[in-house]
Amino acid sequence: MVAVRVLGVLGVLFVLSIVVFAMMYLAPGDIVKNLLGNRPANPDVVAAVRAQYRLDDPVVVQYLSWLRGFLTGDLGTSIRLQQPVADAIGDRVGITAALCLLAFVVSVAVAVPLGVRSAVKAGGWIDRTGNALSILGLSAPTFAVGLLLLYVFAYYLPILPVYGGGDGGVDTLRHLVLPAVTLALGLGAIIVKLTRTAMLRELESDYVTFARSRGLGEGLVRRLALRNAAIPIVTGASLVLTFLVGGTVLAETTYALPGLGTLLQDSVLFKDIAVVQSLTLLVAVVIAAIALVADLAYILLDPRVRRQMGAAA
Amino acid sequence: MTVILGDLAVLGPAGPMVEPISAEIAPGATLALIGESGSGKTLTAKSIVGLLPRGFRATGTVSVAGQAIPVGSAGDDAAWRRVRGRSVSLLLQDPFTSLTPVHRCGDQIAWTIEGAQGRRLPRGARRAAVEERLAEVNLPARVADAFPHELSGGMRQRVAIAAALASDPQLLIADEPTTALDASNQAEILDLLRRIQEERRLSVILISHDLGVVRGRTDDVLVMRDGRVVERGATAAVLAAPAHPYTRALIEADPVVAARSGARLSAEEDASGDRAPLLACEDVTKAFGARTVLDAVDLSIAPGAIVGIVGESGSGKSTLARCIAGLEREDAGSIVLEGEALAPGRGSRTPDQMQIVFQDPYSSLNPMMSIGAILAEALGVAGRASSEVPGMLEMVGLPAEFARKRPAELSGGQRQRVAIARALAPQPRLLICDESVSALDVSVQADILALLARLREELGIAILFISHDLAVVRMIADAVTVMWDGRVVETGPCHEVLEHPAHEYTRLLVAAAMRENAVPADGKD
Amino acid sequence: MSDIRVIGVLPVRRRRRRLPIGVGVAMGVLALAMLAAVLGRLIFSDAMHQDILAATLPPGSDGHPLGTDELGRDILQMAVAGTASALVGPVIVAVGSMMLGVILGTLAGYERGWLDTLISRWTDLLLAVPVLLAAIVVSGVMGGGYWVTVALLIVLFSPSDIRIVRAGVLEQSARPYIEAAQMLSLSRWRVMFRHILPNVTSLVVTNMMLNVAFALVAFSSLSFLGVGVAPGTADWGRQLTDGRAIMFQNPAAVFVPALLIVAVAVCVNLVGDWIGQRLSQVGEEAR
């Protein structure tokens, strides 16, 4: 089963890599001009570009050479930054990773307990507050929340920095607080909903009735339910992931953080195709890897699936 | 040590659901609550452990060995925790859902012990205590490390019993503890409960819809209907000489009682005959993946005959019916209807050949269509006009104005009548009833069986009647085929199979049908 | 107590619940928004008219209750005129992707086999791509305006709709009433569209409503990033993006369109949740 999943993921990535590669041709305008950007189009430079992208070879050869480049870390040159794409990404990946991790940790730490409480006391004030917050979190675009926080902290409460990525270390962390909170709101809204729905279903099941009827403590009963609910919650993680990717771009743009999101946005607007291609494929690989990990977690969480796997092996 | 119920009643959001009940149960004694769906027996059980659904409330008093149960204070968790497990435990119907699927059985038993003692046990003592409880329900120690899905239904229910009793309560409420189990497991579980009860001097409230379960295993009985106790007394006396007409009707409708007296709903016809069979199956074989569910099965149905197929879940009886109907494709073998060989699948079949009545009346009618539309569609398939809808309803004993209703407005029995009318609309030559009465209350079940018998007389239709319960089959079938593990183990005229079962498995089924205390040879699963 | 039997055995017809206040307000807001979408551009036909002399006026200025942006356009007029652009796209996206979802999801769930495999692989592929990322990259690199974005979002939103409908259809297909329909040798189209579809309507409607809210957020996010809606168009997302530059001079330039987006999305979510609850109650009673 794991092997089948891995093959499936590789298949998806293969198809996506073709689409991403084709982007070069789908962009309007002359391909060489696009690849040149605003460099002067003298014959030497044109020839160099044609050679680099093997434009005179069949498309299949072009694709394979491009893919080999991607796999070996040779991602081409950014026409906008005039630096290797790998370096441009390497400079910015840290801040984006820190932002995502921070937002993820914050939202899980708040949203899972909130979802559990909401389900346990369904209809109570915690449930209603949680529900209102999660609707608001789902409805408010990340940038709208970001702009609001930015305005408040720039004007009325100037205790946190609102622009840029800081000088590293603790300062960067301080700069990441507002973007992370912004991102965590939307993320948390999804997780609260997932957790509440899954917990509600588990709390209605027979094993909970049976557990209560034989005198198990309410804390233990909730832990049992949460352990069972973990399976659907982890399964829903893909939703969280796709939100996180889009949200990061918005949060970074709002707070002018020098991360991968702003890099992507700037490159798109500049039609810096090499960067866009690399980032898109990179994100797809990361998402596929995390989805695979979620699947493995699913197997670890559910002994029934584990047993099927044992039987198949 | 006595359990006393004093005017225990349950109020629902729309008014009283169970009227006041009083009863006393001595240590080691069993009180049976008998009733059909909607009688309030399960609500009564849940009120004693404080687990009524939202919006429901209990009044009255319950005391267990002198300790008062906080019946009226639904939300007081602290008060309930002092009595749940320690004084009262509840055993649920379905062992497949009452244990958490992702925890080991040993842990689930240990939690009860730790809950009652209010502390965690050290590892060694915990293991020893769990093994002791497992031994009490005749399970080996290795079950402690198993997950529920690795055990059979009967073994799971034993784990549940061990878990329910691990905190040594004085009262056990068993809510339909064997209904979800196969016939051969039912007697074992009931006998196990009886033995533990005697050893522990445990008071038991046994809730069941099945008179056969109650007979010989309980001391007193309360017969409930519509939230009221209509009759009470010593079990043997009530069953022998019922005073209330409802109790009498229940007993008369009970297939087990009929099985013992030999009563039938239709005269047994000689199904062997030399007439050409309506349906002949030969060597029908079917596998799902690596599992063979049908292994070279033969079956023959004479025109106008009622043939019963009996077997437990997993015996392949439903798969055979579905292959005949074309809903499943057999891998090999031949199915011949009126001399015409039918290729696997629905494509080769027409609605006027055979129709099915399914088990669950709640999901066998499209909830978004009116009864009239459902029947008109089925009539239309055979080119019959929708003006015949009232006639179809009348045929199955329903008033014509039901055509305007939706399935949700009908009771289970009424829905099953509609399903029968729909199946008859294309005028099929074979009617397949796949557990069609097993989801119904006993009294409704008898009505539906009588309807089927009458339709056979009036229409001359052949019926393939599939059931897990030999007692039900023998009320109506001319011939019986017994299936086990995908094979036919015995076949013959109904009375012969019942009176002289040749195969050992058939003997087990016959004993279960008569609700005799069958003790299997080795006493294990 | 002869009425107990009715309570216990037959499903009780619940009294029609009163409309919760929040949902009522949300419906009112949505009605207003729809009115603005239809009439807004007619009333304020020159909302995008620039007037450098009246640039960046604060709220409360004469003739400009919410002030103006740096090109002198009236914030209130732009907000009203931008309703159509902000709402039409998301509604078309939700309806369009659900149409794809209903057709492909029903086919996959009922027909199974190779068709199911094909459709499921297709949804797997699309689900591996984050919606916003794909929309930014494609409409950014390839260019393309409003309607390209609409088409793109329909495709990107469809996989979750297909999955939801497919799961609902699969669940229904296993029910005996579907097998009973097969026993009548009804055509597959009749089984799918007369028997199965009406029973998954609650899923379809609820998810369509939720998708309107998601699409609204997605559209404005794309505008914020500078893709999707062409500059100079009356549109909430566009207006917000343009207003960022003068956020500290006239906060209304940013927060009026932002508030409108959030308010409409919240209301759509509220009404969608409520409809979902109502329909699933009806479904439960029908069981």
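The model is a predicted one.

**Where chain B meets chain C**

Let's start with the contact, which draws 40 residues from chain B and 27 residues from chain C. Together the two sides bury about 2900 Å², and carbon and sulfur atoms give 60% of that area. Three residues, B:Asp226, B:Ser363 and B:Glu377, supply 18% of what chain B buries against chain C, more than any other three residues.

Ten residue pairs are in polar contact across this interface, and the count of salt bridges between chain B and chain C is two. One of these pairs B:Glu377 with C:Arg190. On the side of chain B that touches chain C, the elements giving two or more residues are β2 (15-25), α11 (317-325), β16 (354-357), α12 (371-381) and α14 (412-424) of chain B. Helix α12(B) gives the largest share, four residues. Sorted by class, this side of chain B has 20 nonpolar, nine polar and eleven charged residues.

Helix α10 of chain C covers residues 201-224 and spans 34 Å from its first C-alpha to its last, close to the 34 Å expected. It is largely enclosed by the rest of the structure, because 18 of its 24 residues are buried. Just after α10(C), C:Gly226 takes a positive phi of about 90 degrees.

In helix α4 (residues 83-111) of chain C you will find C:Thr83. This residue is buried, with a relative accessible area of 2%. Beyond its neighbours within four places in sequence, C:Thr83 is in contact with C:Ala33, C:Ala36, C:Ala37 and C:Trp236.

**Salt bridges**

Over all chains, the count comes to 33 salt bridges. Here are some of them, each with its N to O distance.

| Salt bridge | Distance |
|---|---|
| B:Glu377 and C:Arg190 | 2.8 Å |
| A:Arg212 and A:Glu218 | 2.8 Å |
| B:Asp478 and B:Arg456 | 2.9 Å |
| C:Arg238 and C:Asp242 | 3.6 Å |

In chain A, A:Glu218 counts as buried at 19% relative accessibility. B:Asp478 forms its salt bridge with B:Arg456. That pair links distant parts of the chain, 22 residues apart: B:Asp478 is in the loop between α16 (470-473) and β19 (479-484) of chain B, and B:Arg456 is in helix α15 (residues 442-459). Both B:Asp478 and B:Arg456 are buried.

C:Arg238 and C:Asp242 share helix α11 (residues 236-243) of chain C and are four residues apart, about one turn of the helix. C:Arg238 counts as buried at 10% relative accessibility, whereas C:Asp242 is partly exposed at 24%. In chain B, salt bridges with shared partners join B:Arg133, B:Glu136, B:Asp168 and B:Arg200 into one network.

Note on methods
Residues are numbered from 1 along each chain as its sequence is written. Chains are lettered from A and ligands numbered from 1 in the order in which they are written. This is a predicted model: local features need pLDDT of at least 70, side-chain atom pairs count only at pLDDT 80 or more; totals for chains, interfaces and linings use all residues. Side-chain values use heavy atoms; hydrogens and water are left out. Contact means heavy atoms within 4.5 Å. Buried area is the accessible area (1.4 Å probe) that two parts lose on being put together, summed over both. A salt bridge is a side-chain nitrogen of Lys or Arg within 4 Å of a carboxyl oxygen of Asp or Glu. A polar contact is a pair of N or O atoms within 3.5 Å; within protein, one must be able to donate a hydrogen and the other to accept it, and residues adjacent in sequence count only if both atoms are side-chain atoms. Ala, Val, Leu, Ile, Met, Phe, Trp, Tyr, Cys and Pro count as nonpolar, Asp, Glu, Lys and Arg as charged, and the others, Gly among them, as polar. The expected span of a helix is 1.5 Å times one less than its number of residues. Buried means under 20% relative accessible area, exposed over 50%, partly exposed in between (1.4 Å probe, protein chains only).
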